[in-house]
Structures are given as structure tokens and as C-alpha cells.
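Please consult the sequence and the structure while reading.

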Amino acid sequence: MWYEVLPGMAIMAACLTVPGFTTVFVQRWSNGDKEKRVARNPFQWAMMQRDKRLSGASKHYVVKGLENIH
């Protein structure tokens, strides 16, 4: 019957969605609970470079003065 395909579809859906969610949580964990920044235009890129330069840590997601807090 048609409902016999539902368990297989559920397994496939889980296998396709778990890596996407896992990537988001691993990036947040490794970047100190901050979202990954994306520079889609030159202004955003310039702001990321400014943040990197001002923090002095060569990372745009490190807040100045909080470099050693994990």
C-alpha cells in the first residue's frame, strides 16, 4: 500500500536535514554563540575587515576585551 513508503521517506528526510542543523550549531559553538557573518556587498566586507582590525585578534567575531572567554 501507499503508506508503506512513509517510514523510508521519514528516514530520508531526517538524513537530509540533520547535517544542515548540525552545521549551524557547530558554527555557533565554535564562534562563541555568534552567527556566521557573510559579506554580500563591498560595504559589509569593509565592516568585517574593520572589525578584524579593531579587535586585534584577526577574527571578526572576537569582541575586544573578551578574547579569552570561551
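## Overall composition and surface

A residue is termed buried under 20% relative accessible area, exposed over 50%, and partly exposed in between (1.4 Å probe, protein chains only). On this scale, 7% of the 70 residues of the protein count as buried. The model is a predicted one, in which local features need pLDDT of at least 70 and side-chain atom pairs count only at pLDDT 80 or more, while totals for chains, interfaces and linings use all residues. Residues are numbered from 1 along each chain as its sequence is written, and side-chain values use heavy atoms, with hydrogens and water left out.

The accessible surface of the protein is about 6200 Å², and carbon and sulfur atoms account for 66% of that area. Accessible areas come from the Shrake-Rupley method with a 1.4 Å probe; for residues, only the protein chains shown count as cover.

## Helices

The secondary structure consists of 2 helices and 0 strands. These elements are DSSP runs numbered from the N terminus (helices: H or I, at least four residues; strands: E, at least two).

Helix H1 covers residues 6-30 and includes Leu6. With 25 residues, H1 reaches 36 Å from its first C-alpha to its last, close to the 36 Å expected at 1.5 Å a residue; the expected span is 1.5 Å times one less than the number of residues. After H1 comes Gly32, which has a positive phi near 70 degrees.

Thr17 also lies in H1 and is partly exposed, with a relative accessible area of 39%. Its side chain reaches the backbone oxygen of Ala13 at 3.0 Å.

## Nonpolar patch and aromatic pair

Met1, Trp2, Tyr3, Val5, Leu6, Met9 and Met12 make a nonpolar surface patch of about 830 Å². Patches are made of residues with over 30% relative accessible area and no salt bridge; like charges are joined within 9 Å, and nonpolar side chains (Val, Leu, Ile, Met, Phe, Trp, Tyr) within 5 Å. A salt bridge is a side-chain nitrogen of Lys or Arg within 4 Å of a carboxyl oxygen of Asp or Glu.

Rings of Phe, Tyr and Trp (its six-membered ring) pair if their centres lie within 6.5 Å; planes under 30 degrees apart count as stacked, over 60 as edge-to-face and the rest as tilted. The count by this rule is 1 aromatic pair. The ring centres of Trp2 and Tyr3 are 6.0 Å apart and their planes stand at 80 degrees, so the pair is edge-to-face.

Key:
Polar contact = N/O pair within 3.5 Å; in protein donor to acceptor, adjacent residues only side chain to side chain.
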